[in-house]
Amino acid sequence: MIKIKKFVFNPFFENTFVVWDDETLLAAVIDPGCSNSKEENELKGFIKNQNLKIEYLLNTHCHIDHILGCNFILKEYSPVYYAPELDLPLLENAEYQASMFGLNIQPIKKPDNFLDEETKIKIGSYDIQVLFTPGHTPGEVCFYFPLSKICISGDVLFQGSIGRTDLMGGNLSALLNSIKSRLLSLPAETIIYPGHGPESTIEEEKKYNPFLREIV
């Protein structure tokens, strides 16, 4: 069974996820936002207590709140690092992004591999389907686990809301098209784990999300 643990980190209250196969204990860290030693130790302690082996570091996108902990994960666990290629300029400008909010970050290495819809990743025996969902950023992706009907939706779709499009590279029409073509087509019972805030389901967002009325 795929299991998931959410941590809320940094001044942006960003959701960091650890996802693992409970049989093999193979795991991925998705969007690590830990921004200080306390948050790093909380994440590290959980991974140690669960005896997890971190195989992958995955970014849905590369805004500063989702990459603050990348260097920690890379140094601590040496995972294979995947991120969207079209978000590489954001990653390369991590220091500038951080400075805009009075934060500090060291340069982050280039990903080992780039994410697209042809990318094949497995956590243990569970496939991850990469969904290309631009709009919040040019390259953002979501991670869908077909057997478990779980979707890590980054900053694309939230409970009752959608991602911002007023930041660099944002595009509202592209975002709405991503949601309609990639997310709303998932099974209604799919659980959405967004980059901020509580979980939801595809069914709930189709019914109640006011930003989706024109596309549902």
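Which residue does Lys 122 form a salt bridge with, and how far apart are the closest N and O atoms? Please carry on from there to the other charged pairs and whatever sits around them.

Reply: Happy to. Keep in mind that this is a predicted model.

Lys 122 forms its salt bridge with Asp 127, and the closest N and O atoms are 2.9 Å apart. Side chains of opposite charge can pair when their charged atoms come close. As for how open the two partners are, Lys 122 has 38% relative accessibility, so it counts as partly exposed. Asp 127 is partly exposed too, with a relative accessible area of 42%.

That pair is one of seven salt bridges in the structure. Another joins Arg 182 to Glu 117, with 2.6 Å between the closest N and O atoms. Here the positions in the chain are worth a look: Arg 182 belongs to helix H6 (residues 172-183), while Glu 117 is in the loop between strand E6 (113-115) and strand E7 (121-123), so the pair ties together parts that are 65 residues apart in sequence. Arg 182 is partly exposed, its relative accessible area being 29%. Glu 117 comes out at 34% relative accessibility, which means partly exposed again.

Lys 207 counts as exposed because its relative accessibility is 55%, and the cut-off for exposed is over 50%.

Lys 206 is partly exposed, with a relative accessible area of 35%. Not counting residues up to four places away in sequence, Lys 206 touches Leu 184 and Val 216. Met 168 is another matter: it is 38 residues from Lys 206 along the chain, and their C-alpha atoms are separated by 28 Å.

Charged residues turn up in helix packing too. Helix H1 (residues 37-49) and helix H3 (residues 70-77) pack with their axes 11 Å apart, at an angle of about 40°. That makes H1 and H3 oblique to each other, and their crossing is right-handed. On the H1 side, the contact is made by Glu 40, Leu 43, Lys 44 and Ile 47, and on the H3 side by Phe 72, Ile 73, Glu 76 and Tyr 77. Sorted by class, this contact has five nonpolar residues, three charged ones and no polar ones.

Staying with H3, its buried residues are Cys 70, Phe 72, Ile 73 and Leu 74. Among the elements that cover them are strand E3 (26-30), H1, E4, H2 and strand E5 (80-84). Just after H3 comes Ser 78, which takes a positive phi of about 50°.

One last stop is His 63, in the loop between strand E4 (53-58) and helix H2 (64-67). His 63 is buried, with a relative accessible area of 8%. Leaving aside neighbours within four places in sequence, His 63 is in contact with Leu 90, Gln 97, His 136, Thr 137 and Leu 167.

Methods. Residues are numbered from 1 along each chain as its sequence is written. This is a predicted model: local features need pLDDT of at least 70, side-chain atom pairs count only at pLDDT 80 or more; totals for chains, interfaces and linings use all residues. Side-chain values use heavy atoms; hydrogens and water are left out. Helices (H or I, at least four residues) and strands (E, at least two) are DSSP runs, numbered from the N terminus. Buried means under 20% relative accessible area, exposed over 50%, partly exposed in between (1.4 Å probe, protein chains only). Contact means heavy atoms within 4.5 Å. Axes are lines fitted to C-alpha atoms, for helices over the stretch in contact, and angles run from 0 to 180 degrees between N-to-C directions. Angles under 35 degrees count as roughly parallel, over 145 as roughly antiparallel, 65 to 115 as roughly perpendicular and the rest as oblique. A crossing is left-handed if the near helix is turned anticlockwise from the far one by less than a right angle, and right-handed if clockwise. Ala, Val, Leu, Ile, Met, Phe, Trp, Tyr, Cys and Pro count as nonpolar, Asp, Glu, Lys and Arg as charged, and the others, Gly among them, as polar. A salt bridge is a side-chain nitrogen of Lys or Arg within 4 Å of a carboxyl oxygen of Asp or Glu.
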